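Subject: Structure handover

Hello,

Here is the structure I said I would pass on. My notes follow below it.

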Amino acid sequence: MTDDAEAVSQVPDAEDGALIEILSVLRQHFPEVDDATVVDYVNGIHKRYAAAPVRDFVPLLVEREARAALTRLAGETVPAPDQRAE
């Protein structure tokens, strides 16, 4: 298993904690996907936002894009909001 802090070592300090949490959440949600793959997706998506002048929403955008990509990769189907169990 890749160390989360090592995986995001090139991330600005303000985003470290958020990206480590994202990696943890995505690993739990997609246990069938290799840890290195999750790290690669998160880091690759995060790099696309390297020049973003406003950093506040970068972790949220990274998580949403990574979750969508990993969902497709894992072949999962996401139920429509009206079909979710309450």
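H3 crosses H4 in a right-handed sense. On the H3 side, the residues that make the contact are Thr-37, Val-38, Tyr-41, Val-42, Ile-45, His-46 and Arg-48. On the H4 side they are Val-58, Val-62, Glu-65, Ala-66, Ala-69, Leu-70 and Leu-73. Sorted by class, this contact comprises 10 nonpolar, 2 polar and 2 charged residues.

As for the geometry, H3 covers residues 35-48 and H4 covers residues 58-74. Their axes lie 9 Å apart and form an angle of about 135°. The pair therefore counts as oblique, because an angle has to be over 145 degrees to be called roughly antiparallel.

Please keep in mind that this is a predicted model, so no value here comes from an experiment.

On the chain as a whole: it contains 4 helices and 0 strands, and the order of elements from the N terminus is α-α-α-α. The chain has 86 residues, of which 31% are classed as buried. Taking the contacts in the chain with a separation of 6 or more, 53% are between residues 24 or more positions apart.

Regards

Terms used:
Residues numbered from 1 in each chain as written. Predicted model: local features only at pLDDT ≥ 70, side-chain atom pairs only at ≥ 80, totals over all residues. Heavy atoms only, no water. Axes fitted to C-alpha atoms, helices over the stretch in contact; angles between N-to-C directions. Helix = DSSP H or I, 4+ residues; strand = E, 2+ residues; numbered from the N terminus. Parallel < 35°, antiparallel > 145°, perpendicular 65-115°, else oblique. Left-handed = near helix turned anticlockwise from the far one by under 90°. Contact = heavy atoms within 4.5 Å. Nonpolar A, V, L, I, M, F, W, Y, C, P; charged D, E, K, R; others polar. Buried < 20%, exposed > 50% of the residue type's maximum accessible area, 1.4 Å probe, protein only.
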